[in-house]
Amino acid sequence: MKILTVLVCVNKSNCDLTILVANSVLLELGSAKKHTMANKVLLSCLRQNTSKCANSIRGLSGVSGVPDKIGNRDIVGHGWNGEAAYLDRCDFPLPAIRFKPNTPDIMALREKEKGDWKKLSIEEKKTLYRASFRQTFSEFQASTGEWKGHIGMAFIGVAFSLWVVMFLKTFAYPPLPESFNLENRLAQLERMKILEVNPITGISAQK
């Protein structure tokens, strides 16, 4: 069994591969000719893969960067999950893309905002904000009253269940036997006392 340790140095600047056979350890003793043949086979395999590795590195260096737009909307950041999608979140208030597409009016305002902000009116500042964000913090954190609908649906479900129970008691279930009447249950309790069914002993049984 042969163990060959190979050190491969990759120079990414000029995509050259320098292959250095650092150490060859042979656990199975054999002739020197076999050692030479093993090294020759190893070097031939490395030479065949050299061109493939170099082409891969050259291909990686030529990959274009991440697009800066989706349609006519600017990609301005990473986003909360790395996807180029817009979502208002209080825990990550920086969407990956702008809310509105670029228009001539908005582009003119963006050129104007590069200067002195004192020259921008309140309406222009609001327009710039709405071009990038759909809502303010106070708007998307405000209560929507959705809980009222949930409680209403819960009450509707409870009322429907009660009507189902009343319907089953009236039309589906047979009447209860006479032994469930109050008079019969009291008589049954008196009979159990006379027969001493499950007698109680101890302090609690004393009168």
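Helix α3 (residues 122-132) buries Glu 124, Leu 128, Ala 131 and Ser 132. Seen down the α3 axis, these buried residues fall within an arc of 95°, so they line one face of the helix. The arc is taken from the directions from the helix axis to the C-beta atoms. Buried means under 20% relative accessible area, exposed over 50%, with partly exposed in between (1.4 Å probe, protein chains only). Helices are DSSP runs (H or I, at least four residues), numbered from the N terminus. The face turned away from the buried side carries exposed Ile 122 and Glu 123.

This is a predicted model: local features need pLDDT of at least 70, side-chain atom pairs count only at pLDDT 80 or more, and totals for chains, interfaces and linings use all residues. Residues are numbered from 1 along each chain as its sequence is written, and side-chain values use heavy atoms, without hydrogens and water.

What covers the buried side of α3? The cover includes α2 (104-113). The axes of α2 and α3 come within 10 Å and cross at roughly 115°. Axes are lines fitted to C-alpha atoms, for helices over the stretch in contact, and angles run from 0 to 180 degrees between N-to-C directions. From α2, Ile 106, Leu 109, Arg 110, Lys 112 and Glu 113 meet Glu 124, Thr 127, Leu 128, Ala 131 and Ser 132 of α3. Contact means heavy atoms within 4.5 Å.

Now take Ser 132, in helix α3. Its relative accessibility is 13%, so Ser 132 counts as buried. Beyond residues up to four places away in sequence, Ser 132 touches Tyr 86, Ile 97, Arg 98, Phe 99 and Arg 110.

Key
Helices (H or I, at least four residues) and strands (E, at least two) are DSSP runs, numbered from the N terminus.
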